Structure formats: structure tokens, C-alpha cells
Amino acid sequence: MEKIEEEFANLHIVKRSSENKEPTYLLGIDTSKTVQAEKGNLVAVLCSNGSIRIYDKERLNVVREFSGHPGLLNGVRFANSCGSVYSACTDGTIKCWDARLTSEKPVQLFKGYPSNIFISFDISCNDHVICAGTEKLDDDALLVFWDARINSQDLSTMRDPLGTYSETHSDDITQVRFHPSNPNMVVSGSTDGLVNVYDISADNEEDAVVTTCNSISSVSYIGWSGKDYRQIYCMTHDEGFCWWDLNHLDTDEPITLLNVQDVREVIKVKESILDYLVGGLYHEKMDKLFVIGGTNTGRIHLLSCTTSGLNHVMSLQGGHAATVRSFCWNTQDESLLTGGEDAQLLLWKPGAIEKTFTKKDSMKITSSVHQRVRVHSNDSYKRRKK
């Protein structure tokens with residue numbers, strides 16, 4: 001544990017994003033998986049105004065901006081093998097742009113079924129399949145699938161779905177996450193409290209369900225962890241945490257490794273508090289799962305995760321002035337990107353000389369934005385019992 005503590009403690013701010021004419025909450029971050037020789041690494045950031053900004057990672061200046069207008073964008077993800085960036089849109093499409101091009105027009109549109117409103121999505125590790133989750137409409141909450149491969153025989157920009165899963169969730173599907181190395185495995189989470197694992201190589205939806213776990217609350221974040229990524233974990237909108245081991249499915253061992261209904265009530269943070277959870281990170285080299293949380297004044301907490309509970313490891317401060325909404329930790333170069341409600345994107349690197357910055361005042365943004373962004377409640381929601 002000392003190594004990660006040292007890594008985290010050694011992080012200092014090397015760059016802040018420049019002032020933007022339209023300040024927004026920064027809700028999601030992803031970095032390009034491929035380095036463009038002439039352009040370096042790119043960073044894609046989901047903003048609360050429903051757009052995506054593309055930044056140069058080293059300079060943190062905006063190089064272009066994509067909009068889902070008239071729809072709003074949800075989620076942001078780079079392809080694994082090229083410079084394409086994807087987002088789900090409330091207009092019933094998944095949009096794909098080429099982040100290397102100046103054109104703001106999507107290079108591909110993945111069209112859903114009538115009345116679909118997409119609020120979550122992911123692309124498989126081999127970039128072959130896109131899966132998106134919808135808001136509940138009438139009695140249906142759908143997972144919709146597309147073939148994302150470029151077909152030299154079919155150069156049309158519009159793609160129709162391959163099909164759907166419709167029986168496994170009963171409310172909005174808030175999270176979709178493919179397995180990091182197995183393109184057939186995907187996990188979904190919903191406000192119905194269920195976290196479902198699927199093998200999409202199966203012939204039908206019933207056979208595709210590997211297991212169903214119940215968080216007993218609305219799911220806000222899901223991820224894969226453990227050796228060969230055989231574990232899944234989730235966080236809930238009322239700051240709960242659950243962790244399951246899929247290796248135990250065919251044994252007598254319990255699948256649940258940890259279930260904390262409200263992390264804020266049990267975590268002890270030295271000289272501080274925990275107001276919310278942001279997300280998780282599995283550190284492959286250390287074979288450890290970590291959780292990122294924080295305070296409403298911008299302090300960032302690193303928590304270690306074991307079967308006996310969550311423990312505070314280290315904190316970062318002096319960066320953000322308001323709630324931190326998003327992060328992207330690169331375990332290769334040990335850099336950290338963070339985005340917050342203070343409209344700032346920060347790049348942290350180990351051992352860097354911290355420049356002198358002035359913390360920006362916390363922003364007030366119109367109430368229409370608050371309807372879209374995640375609200376961290378100080379009171380636990382009334383939990384849904386299945």
C-alpha cells in the first residue's frame with residue numbers, strides 16, 4: 001500500500017485548463033488510447049451543457065468541441081484502436097466523431113429504435129460492438145447493440161441496431177461497461193438496483209445473462225476489477241458501494257465481497273470528511289481496487305478496497321474549489337486528470353513542480369443543468385427493495 005500512497009502523495013498540478021467562454025460542470029473524462037505523432041494525446045471531456053470538448057493533454061487547451069444539438073450528450077469514450085470518440089445522445093443515436101478532424105459533423109451515427117433516449121453506453125475492447133442503455137419508456141428499459149466495425153462495402157454514415165435486451169432491467173439503465181479484455185462480456189447497472197453481467201456471444205437474452213447482482217439502490221457507477229477482471233463493483237447514487245467476485249459463481253463461496261450501504265457513514269478521513277464517491281480504479285500492477293471520493297470543497301480522497309472494508313489512503317487538495325465529478329488515472333505514466341463543478345480540468349503528475357494558481361470560486365449554474373447532472377444527497381435515498 002505504501003507504493004500507491006507514495007504515488008498519490010507525489011502528485012502535483014502541472015496544468016489547468018484555460019478559461020472557457022461558457023463554464024460548465026465537467027462530468028466525464030476519457031483519453032485517447034493511441035498517440036498521434038503530430039498531436040500527442042487527446043482528452044475528451046463531457047460537459048454539463050451537453051457537449052464534448054477535446055483537449056490537448058499536455059497544454060489542456062480546447063482544440064475542438066462537438067455538440068449533440070438538439071439532443072444532449074451522455075458519456076464519453078474513445079475507441080481503443082483509433083482517434084474516434086463516441087457519446088450517447090438523447091435524440092436516440094450514438095454519435096461518433098473523428099477527434100483528429102476539424103469537422104464538427106459526426107462521421108457515423110448509430111440509430112436507435114423510435115422513442116429511445118440513450119443515457120449510457122460503451123464500446124467493446126476490440127471496437128466491434130457498441131451497447132447503449134435507455135431511459136425507461138412505458139414498461140421498457142433497453143440495452144441496444146450495434147456492429148461498430150467499418151465496412152468498406154458499406155460507407156453509409158447511419159447504422160441500424162443489431163438487436164436489444166429488454167427483459168433484464170425494469171428502470172433507467174444508467175451504466176454500461178464492457179470487459180477490458182473479453183469483447184463478449186458486458187455489465188449493466190440501473191436505477192432498479194440491479195447489476196447484470198452478460199455474455200453477448202449467447203444466442204438469446206436469457207442465455208446471455210451470466211448473473212444478476214442487487215445493489216438495493218440506484219446504480220451510479222460500475223467497473224471491472226481483480227485478476228483477469230473477474231470481479232465487478234458498483235457505486236450508488238446515495239454513496240453505497242458493492243463488490244462481487246464472479247469466480248465464486250460455480251462454488252459455495254458467497255459472490256458478495258463487500259456491501260457498504262453508505263460509505264460516508266463508515267469511512268474515517270483524517271482531518272476531513274467524505275461527501276461523495278466519484279468512481280473506481282483497478283490498479284493491475286498492484287492487483288488492488290481503489291475508490292475515488294471527495295468533498296464539496298474540492299478535496300480528493302483515495303480509498304483502498306478490501307473484503308474487510310474501505311479505508312482512506314491519501315488526499316489531494318489545493319486543486320478544485322467545488323465537487324469533483326470525473327477523473328481519469330493513467331497507471332502507465334501515473335498521471336491523473338480531474339474535472340469538477342468549478343469548470344476546471346486539472347492535470348496532476350508525480351514529482352512535478354507545482355505552479356502557483358488561484359483556486360477559482362465555485363460556480364452557480366442554472367437549475368436546468370442540475371436536472372441532468374448527478375446530485376449528491378446528504379441524506380440517504382429511501383432504498384428500493386427488490
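Q: What share of the 386 residues in the protein chain is buried?
A: Buried means under 20% relative accessible area, exposed means over 50%, and partly exposed lies in between (1.4 Å probe, protein chains only). Here, buried residues make up 56% of the 386 residues in the protein chain. Do keep in mind that this is a predicted model, where local features need pLDDT of at least 70, side-chain atom pairs count only at pLDDT 80 or more, and totals for chains, interfaces and linings use all residues. Residues are numbered from 1 along each chain as its sequence is written, and side-chain values use heavy atoms, leaving out hydrogens and water.

Q: How many helices and strands does the protein chain have?
A: Both are DSSP runs numbered from the N terminus: helices are H or I with at least four residues, strands are E with at least two. The protein chain has four helices and 29 strands.

Q: Is S225 buried or exposed?
A: S225 is buried, because its relative accessible area is 0%. You will find S225 in strand 19 (residues 219–225).

Q: Which residues does S225 touch, not counting those up to four places away in sequence?
A: A contact means heavy atoms within 4.5 Å. By that rule, S225 touches R230, Q231, Y233, W243, Y282 and L289, with residues up to four places away in sequence not counted.

Q: Where is E167 found, and is E167 buried or exposed?
A: Look in the loop between strand 14 (163–165) and strand 15 (173–178) for E167. E167 counts as exposed because its relative accessibility is 67%.
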